[in-house]
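Please keep the viewer open as you read.

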Amino acid sequence: MLTPMRRWGRGRRGGEARGVGVERKRLVVFVSGGGSNFRAIHDAALGGDVNGVVVALVTDKPGCGGAEHARGNGIPVVVFPKLKSAPEGVSTDELLNGLRELRVDFILLAGYLKLIPVELVQAYPKSILNIHPSLLPAFGGKGYYGLKVHKAVIASGARYSGPTVHFVDEHYDTGRTLAQRVVPVQANDTPEQLATRVLHEEHQVYVEAVTALCEDRIVWREDGIPLIRSQTNPDEYT
């Protein structure tokens with residue numbers, strides 16, 4: 001029986017770091033849909049803005065746009081969790097073994113709709129990031145995803161929304177906030193219009209957060225709050 005890493009394969013480019021003498025972080029991205037945030041991170045890594053390389057993509061929907069983009073770029077794709085509708089999927093133990101064999105540094109959730117198993121959270125403490133399309137803790141938790149979030153924001157009368165990058169714990173959207181970007185809610189916004197503006201900011205703030213993560217610029221205060229140290233001034237934090 002093949003090990004998880006051999007089953008996933010190494011891909012044509014997905015597992016190859018560029019540059020000489022630079023230790024790039026090894027990233028795995030989880031997606032369930034089109035994967036626009038995954039594409040933004042992958043493009044930034046290929047362009048050298050993110051000091052990392054995407055070595056695999058994990059999805060619960062093997063036919064989704066994010067998975068197709070990964071395959072087209074030589075990035076190995078693994079299906080998780082294993083379901084009747086996806087018998088090619090791997091178990092939690094197989095997933096963990098595969099991540100260890102790939103020497104993964106960080107896990108990035110980019111529109112992955114399943115709850116992350118506690119075993120994975122425990123195996124990668126302070127090393128799993130997620131992006132959510134609202135200003136957490138508002139409009140987060142189970143069932144808040146996609147347009148449902150933006151419909152709820154508009155219905156509430158909130159004047160501001162925007163994406164939140166946060167570390168992942170054992171629950172939906174309750175991990176420590178790392179970064180946020182404020183987006184005004186216009187008086188006549190539709191959920192689709194608000195979603196478009198928030199998504200634009202998602203790409204930017206997530207790439208910035210992943211850049212800091214891969215440059216070891218995340219600093220944890222004594223009270224457990226993560227901060228991002230400035231690239232240009234090590235005494236400044238955001």
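How many bridges join strand β4 to strand β5, and are the two parallel or antiparallel? There are 3 bridges between β4 (residues 106–109) and β5 (residues 128–132), and the two strands run parallel. Within this pair, L109 sits opposite N130 of β5. Helices (H or I, at least four residues) and strands (E, at least two) are DSSP runs numbered from the N terminus, and two strands pair if DSSP finds at least two bridges between them.

A word on the model: it is predicted, so local features need pLDDT of at least 70 and side-chain atom pairs count only at pLDDT 80 or more, while totals for chains, interfaces and linings use all residues. Residues are numbered from 1 along each chain as its sequence is written, and side-chain values use heavy atoms, leaving out hydrogens and water.

Now step back to the whole sheet. It is open, with 7 strands in the order β3-β2-β1-β4-β5-β7-β8 and mixed pairing. The edges belong to β3 (77–79) and β8 (177–180); each has a single partner strand, so one side of each lacks a neighbour in the sheet.

What about the helices? Helix α4 (residues 92–101) has E94, L95, L96, G98 and L99 as its buried residues (under 20% relative accessible area, with a 1.4 Å probe and protein chains only). Just after α4, look for R103, which takes a positive phi of about 55°.

Finally, the UniProt record, in an unreviewed entry, lists residues 25–210 as "domain: Formyl transferase N-terminal". Over residues 25–210 the chain is 35% helix and 21% strand, with the end C-alpha atoms 10 Å apart.

Terms used:
UniProt positions renumbered as here; feature names shortened; annotations may be inferred. Buried < 20%, exposed > 50% of the residue type's maximum accessible area, 1.4 Å probe, protein only.
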